[in-house]
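Hi,

Here is the structure I said I would pass on. My notes on what turned up follow below it.

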Amino acid sequence: MQTNAYAAQNAITPLAPFSFERRDLGNDDVQIEILYCGVCHSDLHTVRGDWGPATYPCVPGHEIVGRVLKVGKDVNKFKEGDTVGVGCMVDSCRTCANCKDNLEQFCEKGVTFTYNSPDKHTGGTTYGGYSENIVVDKEFVLKIPENLDLAATAPLLCAGITTYSPLRYHNVTEGQKVGVVGLGGLGHMGVKLAKALGAHVVVFTTSPSKVEDALRLGADEVVNSKNADEMQKHLNSFHFILDTVSAKHDINAYLLMLRRDGNLTQVGVPPEPLLLSVGSLIFGRRSLSGSLIGGIKETQEMLDFCGKHNVTADIELIPIQNINEAYDRLVKSDVKYRFVIDMASLKQTA
Ligand code: NAP
Ligand code: ZN
Ligand code: ZN
């Protein structure tokens, strides 16, 4: 099926209209009309080659919410008209130890990401959610709780699961002191989810204009991370810190804020290596880890949790024609707190 989209043709020119062929519906496939797609900083890192060269044309987008148009003959879980989501992955081997443990993101044969991955069906590259529709294997399609606003739910498919998974893995519970570094798409979801888990949440931001919002989003305290006095007050006090910063920054300052045996999990992926001062780890037996999105089973659990607790993203809905401006604003940390593309706008380009 011919599909309209927006694509990058290289790392420097703006994203622009692009058209390509989606694969035919297979027996296990779900064809989805895309209604909304969130704009993740990873889209920008990928397109601009921050992490190394991308494959062009590149159609980004992995925070997809849409409506089922058609299902293959072996699909029972979904039917025409259902509201569904697709996140960062569309396939994996399903037989390796990690897939069997419901951690498809760590598939030993290599997970198929929603965009910019080798596509076994077409022999080309996967194309993501900045497009009219997508065909996805039923095992990688998520159910969206009925009570949630659809546009504001799209960011849960990446920003939601990427913050939920480490909070759960590190057993964040009621009464613990949790830090969230960076108040962008991931950070603001981290605040809402940590709050929903009962934690005492402290936000670290470089943007004074976000302080009031941080409190409104549920933070108990906000720290201007450029102010040394404010930072000093929190030394040795956190059980867990989630670092969502997309650019180079000093992680040692945050490691020193962990209490004994505390953990800092890095989910932001700055293009350059970060410096680690080992002293900040060994005193207090602190640990530093990373985390990558979350498996499909946990993504469904997160969506159901958000349905139950009425958690969605705070979004700025944009037409796809404004995507390049949105990218420029992301680089400047000027996001409150996730751009979401209204995919109906794509029709104006066709
Ligand atoms: P975002 O919306 O652009 O938010 C990033 C925030 O980091 C900014 O809003 C800003 O917050 C802070 N920041 C930016 N530059 C900074 C600097 N130089 N120093 C200190 N703070 C800075 O990005 P996002 O979509 O949340 O993604 C964040 C990162 O996570 C990206 O690197 C992305 O690729 C990565 N990511 C990882 C995973 C995973 O599975 N691990 C999944 C999705 C995304 P303040 O204005 O509050 O300072
Ligand atoms: Zn993402
Ligand atoms: Zn596997």
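Arg94 sits in the loop between E6 and helix H2 (97–100); helices (H or I, at least four residues) and strands (E, at least two) are DSSP runs, numbered from the N terminus. Before going further, the ground rules: this is a predicted model, where local features need pLDDT of at least 70 and side-chain atom pairs count only at pLDDT 80 or more, while totals for chains, interfaces and linings use all residues. Residues are numbered from 1 along each chain as its sequence is written, chains are lettered from A and ligands numbered from 1 in the order in which they are written, and side-chain values use heavy atoms, with hydrogens and water left out.

Back to Arg94: its phi is positive, about 70°, although it is not a glycine. At 36% relative accessibility, Arg94 counts as partly exposed (buried is under 20% relative accessible area, exposed over 50%, partly exposed in between, with a 1.4 Å probe and protein chains only). For context, most residues other than glycine have a negative phi, and most peptide bonds are trans.

The peptide bond from Tyr56 to Pro57 is cis, with omega near -5°, and Pro57 belongs to the loop between H1 and E4. Lys336 and Tyr337 are also joined by a cis peptide bond, with omega about -15°; Tyr337 is in the loop between helix H11 (323–331) and E17.

**Asn116**

Asn116 is not a glycine either, yet has a positive phi of about 65°. You'll find Asn116 in the loop between strand E7 (112–113) and E8, partly exposed with a relative accessible area of 22%. What does Asn116 touch, leaving aside its neighbours within four places in sequence? Its contacts (heavy atoms within 4.5 Å) are Thr46, Ala54, Thr55, Cys58, Thr125 and Thr126.

**The zinc site**

The zinc ion (ligand 2) has Cys40 (SG), His62 (NE2) and Cys158 (SG) as its protein donors, at 2.0 to 2.3 Å. Donors here are N, O and S atoms within 2.8 Å of the metal (3.2 Å for Na, K and Ca); water is not among the atoms, so sites may look incomplete. The sequence spacing of the donor residues is C-x21-H-x95-C. His62 lies in the loop between helix H1 (41–47) and strand E4 (64–71) and Cys158 in the loop between helix H3 (150–153) and helix H4 (159–169), so the pair ties together parts that are 96 residues apart in sequence. Both His62 and Cys158 are buried.

**H4**

H4 is mostly covered, with nine of its 11 residues buried. Those buried residues pack against strand E10 (177–181), helix H5 (185–196), strand E13 (238–243), strand E14 (258–266), helix H10 (296–309) and strand E17 (338–342). Among them are Ile161, Tyr164 and Leu167.

**A cavity**

How many cavities of 30 Å³ or more does a search of the whole structure find? There is one. On a 1 Å grid over the protein atoms alone, a cavity is a set of points where a 1.4 Å probe fits but cannot get out, and lining residues have an atom within 4 Å of a point. Grid points are joined across faces, edges and corners, and a volume is the space filled by probe spheres set on the points. The largest cavity holds about 70 Å³ of space, and its lining includes Met89, Phe140, Ile161 and Thr299.

Conventions:
1 Å grid on protein atoms, 1.4 Å probe; cavity = no way out; pocket = protein on both sides within 12 Å on 5 of 7 lines; lining within 4 Å.
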